[in-house]
Amino acid sequence: MSDTYHHGNLRQALIEAGIRIINEQGEEALSLRKVAAACEVSHAAPYAHFKDKEELLAAMKSSVTERFTAQLLQAVAGADGASEAGAEQKILAMGRAYISFFSHNPDYFTFLFGKQKLVAHLRMDEDHEEDYPPFKLLKTVFRQYLKESGSALSPAEQEVGLIKIWSSVHGMAALACMAGVETTIDWEQIELN
């Protein structure tokens, strides 16, 4: 193995290799030595980017979260540019982006929603710093929707409404990621109305 990585960004390659290892063999199988072997670099090469397995795991979760959040924010921004772009259109755009992101990155879906700890408080009257960033964005836009629609839903009904939106889109993304499920649906063009 060589110390020189000729295929681009070694840090990101190590992250991607780590995700594959966890998805295929479980988190207990992850090691810096294994990601180095998967990237065909020396066993010492990952230490230039990560001090240990925990730092690699944190970088893996952060990398996927940042990419996922960026795609959702881009969808919201695109909806902002459309005529009559209220919160309902933003929610629909986010839903399409959610499904699209994971249909193109099924390993990320398995990694994030497998054994990673993601916090998502459903109470609409409270914000929590530790909530998963994509969920925080959904919650913010859903609040906007409730305000725009003049909703008279009780706090419990608001929580149910939020979980219905999330679970519906999450379920479709899960189906899009399942290798053993064949559909005729074009996940890029799915209508969520």
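User: Which residues line the largest pocket?
Analyst: The lining of the largest pocket is Glu 88, Ile 91, Leu 92, Phe 142, Tyr 145, Gly 161, Ile 165, Ser 168, Val 169, Met 172 and Leu 192. This is a predicted model, where local features need pLDDT of at least 70, side-chain atom pairs need 80 or more, and totals for chains, interfaces and linings use all residues. Numbering starts from 1 along each chain, and side-chain values use heavy atoms, without hydrogens or water.

User: What counts as a pocket, and as lining?
Analyst: On a 1 Å grid over the protein atoms alone, a pocket is an open set of points with protein on both sides within 12 Å along at least five of seven lines; lining residues have an atom within 4 Å of a point.

User: What is its volume?
Analyst: The largest pocket has about 240 Å³, counted as the space filled by probe spheres set on the grid points.

User: Which helix gives the most to that lining?
Analyst: Helix 7, with five residues. Helix 4, helix 6 and helix 7 each give two or more. Helices here are DSSP runs (H or I, at least four residues), numbered from the N terminus.

User: How does the pocket lining split by class?
Analyst: Eight residues are nonpolar, two are polar and one is charged. Ala, Val, Leu, Ile, Met, Phe, Trp, Tyr, Cys and Pro count as nonpolar, Asp, Glu, Lys and Arg as charged, the others as polar.

User: Now the inside. How many cavities of 30 Å³ or more turn up?
Analyst: A search of the whole structure finds one. A cavity is a set of points where a 1.4 Å probe fits but cannot get out. The largest cavity has a volume of about 170 Å³.

User: What lines it?
Analyst: The largest cavity has 14 lining residues, and Met 94, Tyr 98, Pro 134, Leu 138 and Trp 166 lie nearest its centre. Helix 3 (53–80), helix 4, helix 6 (133–149) and helix 7 (155–177) each supply at least two. Helix 4 has the largest share, four residues. By class, 13 are nonpolar, one is polar and none is charged.

User: Helix 4 again. How does it pack against helix 5?
Analyst: Helix 4 (residues 87–104) and helix 5 (residues 106–114) cross at about 105°, with axes 4 Å apart. The two helices are therefore roughly perpendicular, a term for angles of 65 to 115 degrees.

User: Which residues meet there?
Analyst: Tyr 98, Phe 101, Phe 102, Ser 103 and His 104 of helix 4 touch Pro 106, Tyr 108, Phe 109, Leu 112 and Phe 113 of helix 5 (heavy atoms within 4.5 Å). That contact has eight nonpolar, two polar and no charged residues.

User: How many aromatic pairs are there?
Analyst: The structure holds 11; rings of Phe, Tyr and Trp (its six-membered ring) pair if their centres lie within 6.5 Å. Phe 68 and Phe 101 have ring centres 5.2 Å apart and planes at 25°, so they are stacked (planes under 30 degrees apart). Phe 68 sits in helix 3 and Phe 101 in helix 4, 33 residues apart.

User: And the whole chain: how many helices and strands?
Analyst: Seven helices and zero strands.

Key: Axes fitted to C-alpha atoms, helices over the stretch in contact; angles between N-to-C directions. Parallel < 35°, antiparallel > 145°, perpendicular 65-115°, else oblique. Phe/Tyr/Trp six-rings, centres within 6.5 Å; stacked < 30°, edge-to-face > 60°.
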